Amino acid sequence: RKPAFLTGYSLGQACHIVQLAIAHHSLLGYFNGAIVPYKNSTSMRKSRCAVEQRPCGNDNSVVDAQEPTWKIADWETAQKCLKEIMADARPDHSGVKQV
């Protein structure tokens, strides 16, 4: 493809223009490894989820706020669960992991 609006620019200049459109102006973004209009990008979807304080799904789809995919824990609960996981993973005296 040869976009007419990039005619006359070097490859480096074209890459710089695209990078500016992605990083600084939010005109373009990425979705599944392709450059797409920002409104269809993963970044836009994540930003929308953040503004709405909602989780995003693993496939970058917006998750219904009424049905969160993960339970939300406070720091005390998270610390307790992490200690349990680490204790369960600790090897016994023989060096073999206990199951």
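Of the 99 residues in this chain, 14% count as buried, that is, under 20% relative accessible area with a 1.4 Å probe and protein chains only, while exposed means over 50% and partly exposed lies in between. The model is predicted, so to speak of local features takes pLDDT of at least 70 and side-chain atom pairs count only at pLDDT 80 or more, whereas totals for chains, interfaces and linings use all residues. Numbering starts from 1 along each chain as its sequence is written, and side-chain values use heavy atoms, without hydrogens and water.

Let's walk along the fold. The chain has 3 helices and 2 strands, in the order α-β-β-α-α from the N terminus (DSSP runs: helices are H or I with at least four residues, strands E with at least two). Among contacts (heavy atoms within 4.5 Å) between residues at least 6 apart in sequence, 2% join residues at least 24 apart.

Most residues other than glycine have a negative phi.

| Residue | Phi | Relative accessible area |
|---|---|---|
| Asn 32 | about 55 degrees | 67%, exposed |
| Gln 53 | about 55 degrees | 74%, exposed |

Asn 32 sits in the loop between strand S1 (28-31) and strand S2 (34-37). Gln 53 belongs to the loop between helix H2 (42-51) and H3.

Finally, Leu 82 lies in helix H3 (residues 75-89) and is partly exposed, at 48% relative accessible area.
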